[in-house]
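Here is a short briefing on one chain. Look over the sequence and the model, then read on by topic.

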Amino acid sequence: MPSHDLSRRKFIGAAAFATAGLATVLRQAYPVSAAIVSPSYTPPESPRVLLNFNLDWRFLREDVTGAEAIQFDDSKWSVVSTPHTFNDVDSFRTLISHGGGDRGTYKGVAWYRKHFCLPSDISDRRIFLEFEGIRQAGDIYLNGKQVGLYENGITAYGIDITDMLLTGGKDNVLAVKVDNRTSYVERATGTEFEWNTNDFNPDFGGINQHVWLHVTGKIHQTLPLYYGLESQGVYVYAQNFDIRKKTADLTVESEVKNGSGDRATVGLSVVVVDAAGQIQARFEADPVDMVDGEKSVQIATGSIKEARFWSTEDPYLYDVYSILRVDGKVVDVSHTVTGFRKTAFKGGVGTGGVYINDRFVYLKGYAQRSSDEWAGLGQAYPDWMHDFNARLMRESHANYVRWMHVSPQRVDVDAMARHGIVQICPAGDKERDPIGRQWDQRVEVMRDSMIYFRNNPSILFWEAGNTVLTVEQMEQIVALRKQWDPNGGRVIGYRDNDNIAANSALTSISEYYEVMIGQAPQTDALKTPDALFRGYSAQRRNRAPIVEAEDFRDEGARRFWDDDSPPFFGFKKGPNDTYAYTSESFALAGVKRYWEYWQNRISNTDPAHSKWSGYASIYFSDSNADGRQDSSEVARVSGKVDAVRLPKEIYFAERVIQNKQPDLHILGHWSYPTGPGAKKIVKTIYVIANTGSVELFVNGTAHGVNSTPESGYIFSFPDTEFVPGALRAIGRSGGKPVAEHELTTAGPATQIRLTPILGPMGLQADGQDVALIDVEVVDARGQRCPTAEMRIDFTCRGPAIWRGGYNSGQIESTNNLFIDTELGINRVSIRSTLTAGSIIVTASHPGLKPATLRFTANSVECKHGVATWMPSRMQMLAMK
């Protein structure tokens with residue numbers, strides 16, 4: 001999806017497009033939902049439309065000769081939809097190792113083929129094909145002829161296919177030969193892409209992001225697809241803010257191409273519309289005379305009043321329509337969704353840090369692999385699940401995510417903007433200083449990413465590298481930011497931990513600083529001299545913000561409650577394991593680490609403690625990447641949620657410590673074994689709270705009050721004896737109760753419960769949508785049994801592909817019709833096909849009452865290779 005559009009798209013029907021004239025179809029093209037753009041403003045019609053090219057591809061995971069030819073027989077190939085990865089079936093299945101290795105995933109060649117047809121009168125339009133991403137490389141053929149070569153594995157790519165199309169209802173064949181081998185080298189130079197490696201960039205091969213077909217007039221605004229098209233699209237930014245008066249000056253820079261065959265006088269006008277559909281600004285530029293073939297940037301400026309500025313607390317977005325007219329006739333309308341915000345990046349004690357709309361914002365959140373993968377599904381899953389990820393982050397009160405090593409996916413970038421999460425956007429990197437062609441490759445993907453994402457208000461930082469650069473390289477990369485994003489309110493920097501004195505010249509060039517303390521000793525870390533804070537120096541602090549980019553690199557699986565809980569009774573460390581955390585101790589360690597940064601945040605006026613402007617804990621979700629430990633797990637389990645996004649106890653702890661409002665959480669459960677032979681449980685109960693004090697009750701009887709937390713948030717209650725019933729914690733501030741949490745004892749397991757999680761429009765039979773199903777073991781009252789770990793067997797009938805779930809401590813646990821519950825719950829998934837109909841899922845275990853779930857895959861029209869279906873990010877907006 002182009003960078004000028006965060007979420008809202010206009011599509012036309014496939015059948016109508018193939019059988020009717022283009023002008024007729026354009027009049028019938030359904031607009032964005034009235035919930036998104038009200039009838040008070042409807043943009044004028046223009047030749048520009050967007051076709052959904054994601055459905056009904058043919059796929060084969062092997063190399064074959066001649067598959068690019070029109071006549072090639074693909075009738076026996078699998079039918080898939082994009083985004084698609086061919087590593088959903090073989091990832092998260094082998095034990096993790098330090099350094100990553102090949103992880104057991106298929107690396108090789110695979111083919112995709114798509115048949116489609118377009119109407120006759122499209123001949124007076126320009127047609128552009130957009131791939132949001134492919135991993136790693138793709139030879140792209142149209143009707144037997146090569147039209148493109150995609151190689152960098154990161155950025156979006158565009159091709160003008162106008163002159164190669166067959167129209168008039170004739171069949172076109174688009175074929176893509178994908179190669180995800182880590183040994184792939186750039187064709188022209190024989191150079192490897194340094195980021196094409198599983199440990200830093202999990203290699204989910206395939207056409208793993210969206211595919212679009214853009215139709216424009218001959219005079220049009222270009223697409224932000226520098227890779228392939230060398231075009232820069234529309235750039236929208238605000239300046240001269242008056243936050244108190246709610247005003248700002250707006251500028252729209254639009255690159256316009258005249259392909260009409262003649263000279264034309266082109267006028268650019270702009271309409272800015274709020275979320276209620278009301279026009280908030282309207283302005284235009286002076287018309288420009290353009291000769292045939294000319295491509296130039298037109299600039300329109302205006303102002304907005306009573307503006308609602310984007311922030312982490314109020315992530316407000318506007319629709320910006322940039323309109324081209326020739327002789328009074330509308331020839332193009334481009335739609336941009338963006339937000340306006342004032343930023344500042346300051347150094348200094350007490351006044352330094354990141355400012356949004358004149359307010360200091362301490363950044364707190366996570367570092368996440370840009371693949372953002374799910375166990376059993378890989379990197380390719382529907383848009384609503386990316387929004388699900390972002391919402392989970394935001395519900396833990398995070399306002400910051402640092403994408404790791406390579407540029408993130410379009411859908412994730414857009415989701416973070418909607419949820420008010422500040423982003424660090426890298427380009428391509430593997431923690432070293434490249435030279436020669438590999439450095440040029442990094443610069444190119446940084447340029448392409450800037451152009452593609454520069455209208456996103458939540459990206460505040462461009463990351464030039466994940467390790468030290470040379471002075472000359474940093475000067476080049478800062479110049480790149482000033483060339484392609486001079487007015488977007490963003491800065492560019494790099495991560496560097498070591499030898500700061502030797503890199504003082506870099507300090508004077510970088511516009512912000514990232515560090516990775518990560519594995520520094522946790523004991524008394526705050527009391528160490530500045531020299532022991534890796535990446536920190538007073539020189540840097542006094543010049544620009546310093547943000548922690550990936551701290552707390554420890555690992556802890558979700559399935560171990562504590563040392564007293566069956567079936568594991570703690571984590572039993574193997575010979576190659578680095579860590580030995582339970583869910584309880586993992587959460588405690590994470591809180592302690594967060595506190596070390598929090599009491600040294602930049603807003604502190606004490607120079608000895610005023611250091612950090614932000615903190616990111618590595619990862620948000622468990623990943624199929626490299627690990628810091630060997631042997632025990634099939635994923636790197638540093639996540640705050642596991643690889644199917646079920647929260648660990650550390651997630652709830654993060655929710656509390658990142659919350660500005662009173663909050664608390666009791667770590668663990670209150671359902672220990674009882675009866676003959678059961679061990680008496682007397683343990684320390686830990687309550688994570690941001691209140692002044694916490695009082696603990698066992699079955700209504702006060703057990704104690706703690707007003708002296710460890711590491712700011714950990715309230716301990718030692719010698720607490722387990723008695724079945726209720727464990728309740730009340731947090732107080734100023735003597736008044738402000739937060740509480742209660743755990744109750746579950747009875748014996750009696751039954752299984754299935755709970756579906758679907759997109760806002762239900763399950764779509766588009767070949768790419770997913771239904772998530774939570775499977776729980778519960779007692780007679782329906783309460784989850786938190787120590788139940790047992791195998792659940794499933795059946796699945798109907799038009800669906802079973803993808804199953806995942807057990808992080810078991811090899812080959814994905815894609816099976818069975819899974820073990822962990823802490824009484826697990827999560828499985830099914831993927832839709834292109835066939836609508838009823839789907840029935842059953843779950844059983846000997847001795848428990850089974851469960852049955854019924855739902856329907858809703859019909860999605862796709863004719864002639866084009867769909868009327870709307871991507872689910874559109875559906876989410878339509879539901880609001």
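Which residues lie nearest the centre of the second largest pocket? They are Trp561, Glu649, Gly668, Leu743 and Arg784, out of 22 lining residues. The model is predicted, so local features need pLDDT of at least 70 and side-chain atom pairs count only at pLDDT 80 or more, while totals for chains, interfaces and linings use all residues. Residues are numbered from 1 along each chain as its sequence is written, and side-chain values use heavy atoms, with hydrogens and water left out.

**Second largest pocket**

- A pocket here is an open set of points on a 1 Å grid over the protein atoms alone, with protein on both sides within 12 Å along at least five of seven lines; a cavity is a set of points where a 1.4 Å probe fits but cannot get out; lining residues have an atom within 4 Å of a point.
- The second largest pocket holds about 460 Å³ of space. Volume means the space filled by probe spheres set on the points, with grid points joined across faces, edges and corners.
- Two elements, α11 (649–657) and β37 (736–744), each give two or more residues to the lining of this pocket. β37 gives the most, with 4 residues.
- Helices (H or I, at least four residues) and strands (E, at least two) are DSSP runs, numbered from the N terminus.
- The lining of the second largest pocket has 9 nonpolar, 8 polar and 5 charged residues. In this scheme Ala, Val, Leu, Ile, Met, Phe, Trp, Tyr, Cys and Pro count as nonpolar, Asp, Glu, Lys and Arg as charged, and the others, Gly among them, as polar.

**Helix α11**

- α11 is mostly covered, with 7 of its 9 residues buried. Buried means under 20% relative accessible area, exposed over 50%, and partly exposed in between (1.4 Å probe, protein chains only).
- The buried residues of α11 are Glu649, Ile650, Tyr651, Ala653, Glu654, Val656 and Ile657.
- They pack against β23 (363–369), α4 (383–395), α10 (583–598), β30 (614–618), β31 (664–666) and β32 (682–689). Contact means heavy atoms within 4.5 Å.

**Cavities**

- The structure holds 9 cavities of 30 Å³ or more.
- The largest cavity has a volume of about 140 Å³. Its lining has 15 residues, and Gly153, Asn201, Gln209, Gln379 and Val406 are the closest to its centre.
- By class, the lining of the largest cavity divides into 5 nonpolar, 9 polar and 1 charged.

**Buried charged residues**

- Glutamate 463 sits in strand β26 (residues 459–463). Its relative accessible area is 1%, so glutamate 463 is buried.
- The side chains of glutamate 463 and arginine 402 form a polar contact of 2.9 Å. A polar contact is a pair of N or O atoms within 3.5 Å; within protein, one must be able to donate a hydrogen and the other to accept it, and residues adjacent in sequence count only if both atoms are side-chain atoms.
- Beyond its neighbours within four places in sequence, glutamate 463 touches residues including His405, Cys425, Met446 and Tyr512.
- Arginine 442 lies in helix α6 (residues 437–453). Arginine 442 counts as buried because its relative accessibility is 0%.
- The arginine 442 side chain reaches the backbone oxygen of alanine 464 at 3.1 Å.
- Outside four places in sequence, the contacts of arginine 442 include Glu194, Trp195, Asp429 and Leu469.

**Helix α5**

- In helix α5 (residues 410–418), 9 of its 9 residues are buried. Among them are Arg410, Asp412, Asp414 and Arg418.
- Glycine 420 follows α5, with a positive phi near 75 degrees.

**Asparagine 604**

- Asparagine 604 is in the loop between α10 and β30. It counts as partly exposed because its relative accessibility is 25%.
- Leaving aside neighbours within four places in sequence, asparagine 604 is in contact with Val349, Gly350, Gln599, His609 and Ser610.
- The C-alpha atoms of asparagine 604 and lysine 648 are separated by 31 Å, at 44 residues apart along the chain.

**Whole chain**

- The chain has 12 helices and 48 strands. Its radius of gyration is 28 Å, close to the 29 Å that the globule rule gives for 880 residues, so the chain is as compact as a globular protein of that length.
- That radius is taken over C-alpha atoms, and the globule rule is 2.2 Å times the number of residues to the power 0.38.
- Of the 880 residues, 64% count as buried.
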